[in-house]
Amino acid sequence: RMSRRAQQLRDHDINPCVVETDASRKCMDENNYDKSVCSDYFLKYKNCRKFWHDIKMERRRNGVKPEMPSAEERKKILDSIE
């Protein structure tokens, strides 16, 4: 059974970067934990975290609740910028 923290990290409404987390972890598993091979995955994860952190901070400044958009809301935000 997963801890509460682990469950939160798997929850797409809480963690906007589940896909990037999984991809970087899979890369590490498949490449004998050679970080240099997985740098693209790490960069995608880092960019994802930064993007959603900035959105969260903007929403916090503007008094928008919840501060982190839901998975559905995030999809709409991403679709609007592509």
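Select Cys-48. At 10% relative accessibility, Cys-48 counts as buried. Buried means under 20% relative accessible area, exposed means over 50%, and partly exposed lies in between, with a 1.4 Å probe and protein chains only. The model is predicted: local features need pLDDT of at least 70, side-chain atom pairs count only at pLDDT 80 or more, and totals for chains, interfaces and linings use all residues. Residues are numbered from 1 along each chain as its sequence is written, and side-chain values use heavy atoms, with hydrogens and water left out.

**First disulfide**

A disulfide joins Cys-17 to Cys-48, with S to S at 2.0 Å. The term is used for a pair of cysteine sulfur atoms within 2.5 Å. Cys-17 sits in the loop between α1 and α2 and Cys-48 in helix α3, so the bond ties together parts 31 residues apart in sequence. Look along the S-S bond. The link of Cys-17 and Cys-48 is left-handed, with -100 degrees about that bond. Is Cys-17 buried or exposed? Cys-17 is buried, at a relative accessible area of 0%.

Now pick Cys-27 and Cys-38. Their sulfur atoms are 2.1 Å apart and form a disulfide. This pair links distant parts of the chain: Cys-27 is in helix α2, Cys-38 in the loop between α2 and α3, 11 residues apart. The torsion about the S-S bond of Cys-27 and Cys-38 is about -90 degrees, so this disulfide is left-handed. Both Cys-27 and Cys-38 are buried. How many disulfides does a search of the whole structure find? The search finds 2. Count the bonded cysteines along the chain, and the pattern reads 1-4, 2-3.

**Helix α3**

Select residues 39-61, which make up helix α3. Helices are DSSP runs (H or I, at least four residues) and strands are too (E, at least two), numbered from the N terminus. At 1.5 Å a residue, the 23 residues of α3 should span 33 Å, and the end C-alpha atoms are 33 Å apart, which agrees. The expected span is 1.5 Å times one less than the number of residues.

Which residues of α3 are buried? Color Cys-48, Trp-52, Ile-55 and Arg-59. Show α2 (18-30) and α4 as well: the buried residues of α3 pack against both. Contact means heavy atoms within 4.5 Å. An α-helix has 3.6 residues a turn, so residues three or four places apart point the same way. Then step to Gly-63, which follows α3 and has a positive phi, near 70 degrees.

**Ser-24**

Go to helix α2 and select Ser-24. At 10% relative accessibility, Ser-24 counts as buried. Show Tyr-41 and Phe-42: Ser-24 touches both, not counting residues up to four places away in sequence.

**Ala-6**

Jump to Ala-6 in helix α1 (residues 4-10). Ala-6 counts as partly exposed, at 25% relative accessibility. Draw a distance from Ala-6 to Asp-40. Their C-alpha atoms are separated by 24 Å, and the two residues are 34 apart along the chain.

**Surface patch**

Last stop: Leu-78, in helix α4 (residues 71-81). At 33% relative accessibility, Leu-78 counts as partly exposed. With Leu-78 they form a nonpolar patch on the surface, with about 250 Å² of accessible area together. Accessible areas come from the Shrake-Rupley method with a 1.4 Å probe; for residues, only the protein chains shown count as cover. Patches take residues with over 30% relative accessible area and no salt bridge, joining like charges within 9 Å and nonpolar side chains (Val, Leu, Ile, Met, Phe, Trp, Tyr) within 5 Å. A salt bridge is a side-chain nitrogen of Lys or Arg within 4 Å of a carboxyl oxygen of Asp or Glu.
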